[in-house]
Amino acid sequence: MSAIAIYKRLLRFARPYWGHILGLFAVSLAATPLTLLAPLPMKIVVDSALGGRAAPAFLTALLPATNMATPSAILALAIVLLLIVGLLSNVQRVATGLLTTFVSERLVLGFRSELFRRMQRLSLAYHDMTGSSDSLYRIQYDAMAIQFIAIDGTIPFVVSLTTLVAMVFVIAKLDPTLALIAVAIMPLIVMILRYFRPRLYLEWKRVKKLESSAMSVVQEVLGAVRVVKAFGQEDREHNRFTRHSGEGLDAKMRVGYVAGLMGALTGVTIAIGTALVLFVGAEHVRQGTLTLGSLLLVMGYIASLYAPIETIAARIGVLQSHLVSAERAFVLMDELPDVVDRPGARPLDRARGAVRVESVSFAYEANQSVLDGISFEVAQGQCVGVVGRTGAGKTTLINLLLRFYDPGKGRILLDGVDIRDYKLADLRNQYSIVLQDAVLFSTSIRENIAYAKPDASDDEIVAAARAANAHDFIERLSDGYETLVGERGLRLSGGERQRISLARAFLKNAPLLVLDEPTSAVDVGTEAGIMDAMQRLMEGRTTFLITHRPSTLQYADLVLSVQSGRVVVGGPSLTEARDPAKVAVGTIA
């Protein structure tokens, strides 16, 4: 993606904020006349107060001519003018700073929010492939590029360009030769910047990739800190982080070297231009074609003329960094989900719950089938036990039912309709899910239960907790339903987390239910309470129960045994359900 294309997309995204940006631009543009006025008091003092020349016409209009005759009056007025310009310049800087902060933060917040929204809508396949740390880096850090490019980069550049043109015009009025010399070095500076810019861009691209890699190490360790401590691998993970960060440091050193070389060449070129202007200007003063005050004014303008160029040269490396960040953010934004609504997808209020799977095959990667031509049918309200060895395809089957992925071949019907013909949000709203590792958010117990129904009343939340056998232990907590569960719910035990997860499922009251190893992580005593709640939850719902425990199959009307991507179907008695070896009785073609 070219730099111009990135600029266009960022400015297009910033369109809702153009009113604020134009206001900021207007305030920033006030710096141009103030910059032009800054050296003027010095010229007045040197030429009129000290040199005896006539005062400028605009000064004679401010005070009576008799008061302007003395050098002291001219000096006093020049000092007043200096103070006024200084005051206005500081007011302008404060106003610019406040507006810049406001507009920049609004832009970054909007950009981050849009990235987060689109990231959430990407399919599981994308997240499985890239991991969460890379998306987190792009949302948290790369999104800030819009602030620099749209505000900190564009507006100062336009203001500097306007100031530069105005200064060249004023210098040309005073001495056309000096203006020509000042402008003559511009092409050299442009050539230097154009030579180094692509090199800096490539180096920054490598830095961003390495920084994201180092961040993934931190996230992995924090997510598995108990495992790291249990195996005593703190030093190993520290070394791994240091190695990744060291590679990033080396890449940044290369960026610093290239940017430093570019800045040095630019500075030398500007110094040569300044020296030439001073030399020629001094000759003109000696020849009487230019006053000393005018030369000082020109040199003041030259310093202001070259200052923006030096700033641009010094920050060109930072600009490349932000261009790389913006490109990475747009790559994430442009990712398309694999699973989307079909044109004309039909709404679904509440399903009856009849499921039919017809010759479904699926592979995460080409030529590596996970499921191969499976077929079965589940009547409304039946409980289906799903058994099989780890990696046999049980979770993949559930992912297909929820349409986290679409089948490579075949189709899945819900109430006689291909699930791809339903609106995706409506389809997933038909399912309640209770996972082996209960997923809780770092908020209160009340909010975690209400996650299934954000507008639920307190009575509904308490009723759901009672149904899940969770109300009693919640009431014993110091803050009751307002108790904060901590990150991933780790302030609660595994059984407590699971019962809150069941309460969430009760509250959602969906017609289909997925129970993924709901009792595998709890002890026998806790399992009894969970099983009691689970049995009530399954009543009247089509349920898919993934389990390795034969005891939980007593509730199953049908058992699917997933074996090497195939499904064997059986309808065991309660005695047979306790013996998985007796489950496989036939295959539905």
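**Reading a predicted structure, step by step**

Q: What is the relative accessible area of Asn509, and how is it classed?

A: Asn509 has a relative accessible area of 38%, so it counts as partly exposed. The general idea is that buried means under 20% relative accessible area, exposed means over 50%, and partly exposed lies in between (1.4 Å probe, protein chains only). Before we go on, this is a predicted model, in which local features need pLDDT of at least 70 and side-chain atom pairs count only at pLDDT 80 or more, while totals for chains, interfaces and linings use all residues. Residues are numbered from 1 along each chain as its sequence is written, and side-chain values use heavy atoms, with hydrogens and water left out.

Q: Where is Asn509, and what is its phi?

A: Let's start with the general idea. Most residues other than glycine have a negative phi. Asn509 has a positive phi, near 55°. Its place is in the loop between α20 (494–508) and β7 (512–516). Those labels come from DSSP runs numbered from the N terminus: helices are H or I with at least four residues, and strands are E with at least two. Asp415 also has a positive phi, of about 55°, although it is not a glycine. Asp415 sits in the loop between β4 (409–414) and β5 (417–418), and at 16% relative accessibility it counts as buried.

Q: How many helices and strands does the chain have, and what share of its residues is buried?

A: The chain has 22 helices and ten strands. Of its 589 residues, 46% are buried.

Q: How do I read a sheet, and in what order do the four strands run?

A: Two strands pair if DSSP finds at least two bridges between them. Here, four strands form an open sheet in the order β2-β1-β4-β5, with antiparallel pairing. The edge strands, β2 (368–378) and β5, each pair on one side only. Seven bridges join β1 (residues 355–365) to β2, and Val360 has Ile374 in β2 as its bridge partner.

Q: Which helix lies across β1, β2 and β4, and at what angle to β1?

A: For angles, axes are lines fitted to C-alpha atoms, for helices over the stretch in contact, and the values run from 0 to 180 degrees between N-to-C directions. In this model, helix α15 (residues 394–401) lies across the three strands and runs at about 115° to β1.

Q: What does Thr32 contact, leaving aside its neighbours within four places in sequence?

A: Contact means heavy atoms within 4.5 Å. Thr32, in helix α3 (residues 31–37), is in contact with Val159, Thr162, Thr163 and Ala166. At 6% relative accessibility, Thr32 is buried. Now try Val170 in helix α9 (residues 145–174): not counting residues up to four places away, Val170 touches Leu36 and Tyr301. Val170 is partly exposed, with a relative accessible area of 24%.

Q: Which side chains does Glu114 meet in a salt bridge?

A: A salt bridge is a side-chain nitrogen of Lys or Arg within 4 Å of a carboxyl oxygen of Asp or Glu. Glu114 meets Arg117 at 2.7 Å, N to O, and Arg118 at 2.6 Å. Glu114 and Arg117 are separated by about one helical turn because they are three residues apart in helix α6 (residues 71–121). Glu114 is buried, at 16%, whereas Arg117 is partly exposed, at 36%. By this rule the count comes to 18 salt bridges. Arg356, Glu358, Glu377 and Arg411 are linked in a network of them.

Q: Which residues make the nonpolar surface patch of about 420 Å²?

A: Patches are made of residues with over 30% relative accessible area and no salt bridge; like charges are joined within 9 Å, and nonpolar side chains (Val, Leu, Ile, Met, Phe, Trp, Tyr) within 5 Å. Areas come from the Shrake-Rupley method with a 1.4 Å probe, and for residues only the protein chains shown count as cover. Ile433, Leu435, Val439, Phe441 and Tyr451 make this patch. Val439 lies in the loop between β6 (431–434) and α17 (445–449) and is partly exposed, at 41%.
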